[in-house]
Each structure stands twice: as structure tokens, then as C-alpha cells.
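I opened this notebook to keep track of what I looked up in one structure, going from the whole chain down to single residues. What can be read from the fold, the core and the packing of helices?

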Amino acid sequence: MSSSKLSIAIVGGGIAGLYSGLALQREGHHVHIFEGSDRVGGRIHTHYFNDEENQYFEAGAMRIPHSPHHGIVFDLVKFIQSSNLPSDLQVDLIPYKLTCSGNFVYINRSTPKHQDASSTTPRSIDWPLSEEAKAKFQDRSAQELMLEAISPLLQRLDGNFVDGFNEICREYDRYSFRYYLTYILHWPTEVVDFIETVTSQTNQFTLSVTEIVMEHIDFSTKEWSTIARGMSRLPLAMAHLIGYKNITFNARVTGIRNQDDGRVSVSISGCNATVDVTFDKVIMAIPPPALRMITNRPAWSGQKELAIRSMHFESLYKMGLRFKTRFWERAGPTPCRGGQSTTDLPIRWIVYPSNGIGDDGPGVLLVYSWMTDADAWSPLTPEQRRELALSNLAEVYNGKIDSKDGSVINVYDLIMATSDTVWSARNCTGDAKFMPGQFLSRFEAARQPEGNIYFAGEHLSRHHTWIAGALESAWETTCNIIGPIPKLGPSDVQQTTLAKAAEEGQDVGGVGVGVNKKQQRQVLEVTNWESTVSTTGGIDFVFRLRNQLFGLDLDNDASGRSAGVDIARIIPGPQGAKVRRI
Ligand SMILES: Cc1cc2nc3c(=O)[nH]c(=O)nc-3n(C[C@H](O)[C@H](O)[C@H](O)COP(=O)(O)OP(=O)(O)OC[C@H]3O[C@@H](n4cnc5c(N)ncnc54)[C@H](O)[C@@H]3O)c2cc1C
């Protein structure tokens, strides 16, 4: 905990803003979040058709890969789980099925083929190839070709990730993935089109090589999770912990000004007035398209302005369709219990829910498209979008037999309700997906603070387009403001409790471990609160437990607590006796 408490405004109540808020509060700072909409979560948003179980779909983020790159998300979940939240706010993970053996490919209007990217070859879907290309490629699967192209690049990330990443950037970031396949690997255009159609979405291969490599790392993960009863529970739990008195909704920030004393004022526009509030520091946890629309602010460095204007965001489109039955789980010959099917229709991917698999009664199906495929939905009215999605699903499903009761599936008879989100029409416009050269030339500039104005959000992480990226960026930004701090994890809850109880002179029991934040290592463990603490050197931090005063001596750091020494972990332990140095 640093000695002076800062007041920090956080603009944006998405997961990045919320994470910064929690981390700063843990360190004893005052935060206030200004959120432009009427809810927290931003691009994490569950649409509930009603209160019944499993009658929802994820309009935004829906799945978390169990990969080391996403550890920060799982630590956050553990943090929340150990926070003693009321049961209606608890966050539980359930398995998410990325694939299922019944998933199919429906391309060029041929019969749905019971196969996925690992078995779809140009021959199996009659993909047109030149005679020359046929000889080499017609029996090779899209996934196999993708792996062949990308494996040498992935290997560079096996050692030190940042070094490997920088190496890929230096050598390939200026190229689009399509250029890489066509001019470096010399693959025919029609083969590149085939791989893009089956493994990705239209025009994705115009993105940088680095972007596609990063995407591939995540989608090759085997185990995935989602949050039971909806992803929105994650930001809602965080908002509860931050305290709603520290969050203002419908508070769109429209201006930022530097004050002469170095502090920063933010202008917040509500429904009928604009107010200015001054803070020590401000974190802009909003995506570049939203940041760009705040013109009442100082000019920042030329590189930063360019980055804000140009960092590429791709459109995303999702519709949830609630049907009277989960017919897709029983539709022969390709029943899908989870995973997703690939089509080249406007709906592109059909995503089958991982929650409620096997339930009787109504269920919710999801259609999902990216980039050029997503853009095509935005000029349509909601009614036209619903009609189109249904007709696409009818093309694939109508006339199949539901094995439960032998009925003939007709999606027009089964539909109950739809809801969709055109993310390109929201202030985030989609997700960060960089064009060639943007990791090299935009990324660092976009991350740099401007005086006491800091920036956070998924787009500022190498792992952007993911919740993990948003959290990593929020954590890095928080460290830039107050110095190195540990990420949120299961132990932080007890830490907060102890620090608060100590401040208020209350009793708490357990075992404490001191952390010298400068070195980020454990230096002292207190294993019993009933005994007197014996320390060498000066006492840096005093607190009261079971009606006794305890002090922590944190190494020989003369500046003690003000240098950033804090209790980091308390584990309930047996009564015993001593303090020992670790
Ligand atoms: C369709 C879709 C699917 C996705 N799927 C996954 C997935 O499966 N797994 C995964 O890990 N990630 C996924 N993501 C990505 C993930 O959701 C995002 O990376 C992450 O939620 C971004 O968080 P953020 O805080 O950076 O930004 P945001 O969530 O965009 O938060 C920014 C907040 O700022 C607010 N705001 C904007 N302008 C202002 C202003 N001027 N004043 C005040 N407030 C403002 C916005 O209302 C918003 O609440 C998906 C995203 C989308 C859209």
C-alpha cells in the first residue's frame, strides 16, 4: 500500500476498467468509474430471454481457453469465488465445448458434411482448384495446411514469449497473412481462400501475420470454460466488490483537461448537464473508436493520435435464437451437442450452447460472424436480420428428423424469440484485429501515458480480442501508475479484509505473509496470532488481531510501509506460535 492515497477516475466500466478499479482499491486508492451506458461489462454481455434456466446467449465474450495466456482470467475468477459474495452473484465455471463430433461444414450449398476443419479437404467440399493445385492440395485438410503454415512461427513463442513475439513482429508483421501464404509459402490463391473459408472468416487473412499467429495460439487450446448462468456475472460480481457508490452509469465522458497542478479534470455528460470532476490521475479504459470521439481534450503525441485513429477493429455480429426445442442436439445425421458448425451463408458459424446440453424444452442457438461477414448485417433492419438468420438455418435444418420424437424439423414453427447485437454499431465497433504493421508501429505508442492520463483495454495487449488481454492491459496500466503490484488472485480477498480490519482496529484471525512489493517476494510469514510477534529491526506495519497488536518488520527496508510493503495473504491457520522470515 503506498503512503499517499490517490484519487483515480476510470473511464469505462468494461472488464479492463473494473479490474483496474479493484486492483487500485486493494492498494488503498480511491477510484470512481464513469460508464457511458447503463450497465457494466462492455463487451461482456449476456442476453437473458427470461429468468428460466439456460434461456440466454452471450452477445459478447463467451469462452475462455485454459491456456497459460489466459491465467489472469482464472485467477480473477478465484479471487471472486473467495470473496464471500451473495449466492446470486457467485461466479462458477462450467466446461465450454469448442467442438463436437456432430459439427458440420456447409459450403457452396452442398449437403451438410459431418466433418470439421481437421477433415475438410478441397475434394470433400468440391472446392474448385486448378489442375496444378489439385495435385498438391486437394486431399489436405484445412487444419493440416494451417498448421503447416503457422507451426514454424508458433515454435518461436515456445521459449521467452515476448522475445519470440518481437521476433515474429520484426520479420513478418508488415505482411498480411494472405501475403505470407501466397508470396512466401507460394500457395495458390484458391488454396488460401479454401483455408480462410474453413478455418476463419471472409478477409481475415488480410490481417497481419502476427495477428493470425496469436489467434491460432488460442484456438488450438483443447480445454475451455464459460461462466455458468452467463458471462455477465463476472463484471457484475466485480462491480459489487468495487461498490456501486463508486460507479456512475449513463456518465459519458466527453472531455479531459490537464490542470495546472498536474491533476486531470474529466467532463461527464449525463442526460441534461455536463459536470467536471478533478482527479489525481485518469485511466481511459475505452476502445480507440470511443476515445477518438472525445475531442475536448489536449493533443497527444503524433504517434498516439495516429494509433488511436488507425488501430484496426473488426466488426462482430451475433444473434441468439430461442427455439421451442434443442433440435440441433438430435437432428440426424449431424447432431451437435456443443461446438460450432461452419457455413459460408451470411450466418457463417452456428454456435451450439455448452450450457444445458440435453435439456428438454426450449434452448438458444447462436449465429456468429466476423469482419466482412459481420459488416454485411449492419444495413439490415432487425426484422430483416431475423428473417435472414431463420432462412439460413432453415436451409440447413428444415426437413431433418428430430430423433427424440420423429418430428420433422421446421425452424419457422419452432422459433420463439430472437435478439442480436451489431457490435460495429456500438462505440467499441468490434474487437482489435491489427492490420499489417500495426503491432510494430502503433501498439507501443497507444500504450504510453500522456502525463497523468493513462490508457487500458484489450487493444493495448498482445493478447487483444480476449478478456485476458483486457485484464493484462489493466494490470500493466495499474502498475505504471502505482508501481509493481501482484495480480488479483484468491489471496487478495483476505488481504483486503486484513488491511481494512487493521485500519478499523478490528480483530481478524489467520496467518499473514508480508510481501515486499518492490521485489515482489514474500519476506515474512506470521503463523499464529495468539503469540507475540518477534521481529528483527523496526516494525513497519502494525495491526490488531484477536485483541493484540502485531507488527511486521519487512526486511531491512528502512522506508518500510511507504516503500510499498503490504500484507498480501492470510490463510486461516491453527493457533500456534511464531513469526518466521521466508
Ligand atoms: C462478439 C464478441 C465475442 C467475444 N468473444 C470472446 C470470448 O469468447 N472470449 C474472450 O476472452 N473474449 C471475447 N471477446 C473479447 C472481450 O469481450 C473483450 O476483449 C473485452 O471484454 C474488452 O474489455 P475492455 O474493458 O477493454 O473494453 P469494453 O468491454 O469495450 O469496455 C469499455 C467500456 O467503456 C464504455 N465507454 C465507451 N466510451 C465511453 C465514454 N466516452 N465514457 C464512459 N464510458 C465509455 C463502454 O460502454 C464500455 O462499457 C469478445 C468480444 C465480442 C464483442
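The entries below run from overall composition to a helix pair and then to one residue.

**Entry 1: the model and its overall make-up.** I note at the outset that this is a predicted model. I looked up the secondary structure and found 18 helices and 27 strands in the protein. Of the 582 residues in the protein, 48% are buried. I then turned to the contacts with a separation of 6 or more, and found that 69% of them join residues 24 or more positions apart.

**Entry 2: the annotated domain.** The UniProt record, an unreviewed entry, places the feature "domain: Amine oxidase" at residues 15–482. Over that stretch I read 34% helix and 18% strand, with the end C-alpha atoms 20 Å apart.

**Entry 3: the core.** Which residues have the most contacts inside the largest nonpolar core? That core has 144 residues, and the ones I was looking for are V11, Y19, V282, I467 and L471. Helix 17, which spans residues 467–482, gives the most to this core, contributing eight residues. As background, I keep in mind that nonpolar side chains in soluble globular proteins tend to be buried together.

**Entry 4: helix 2 against helix 17.** Two packed helices are described by the angle between their axes and the distance between the axes. For helix 2 (residues 71–81) and helix 17, the axes come within 8 Å and cross at roughly 80°. Since angles of 65 to 115 degrees count as roughly perpendicular, helix 2 is therefore roughly perpendicular to helix 17. On the helix 2 side the contact is made by I72, V73 and L76, while helix 17 supplies I467, A468, L471, E472 and W475. By class, the residues of this contact divide into seven nonpolar, no polar and one charged.

**Entry 5: L236.** Is L236 buried or exposed? It counts as buried because it has 22 C-beta neighbours inside 10 Å, where 20 or more are needed. Leaving aside neighbours within four places in sequence, L236 is in contact with V40 and L89. I also checked the pair L236 and V40, which are 196 residues apart along the chain and have their C-alpha atoms separated by 6.8 Å.

Key
Residues numbered from 1 in each chain as written. Predicted model: local features only at pLDDT ≥ 70, side-chain atom pairs only at ≥ 80, totals over all residues. Core = buried A, V, L, I, M, F, W, Y, C linked by C-beta atoms within 7 Å. Buried ≥ 20, exposed ≤ 12 C-beta atoms within 10 Å, placed from the backbone. Helix = DSSP H or I, 4+ residues; strand = E, 2+ residues; numbered from the N terminus. UniProt positions renumbered as here; feature names shortened; annotations may be inferred. Contact = placed C-beta atoms within 7 Å. Axes fitted to C-alpha atoms, helices over the stretch in contact; angles between N-to-C directions. Parallel < 35°, antiparallel > 145°, perpendicular 65-115°, else oblique. Nonpolar A, V, L, I, M, F, W, Y, C, P; charged D, E, K, R; others polar.
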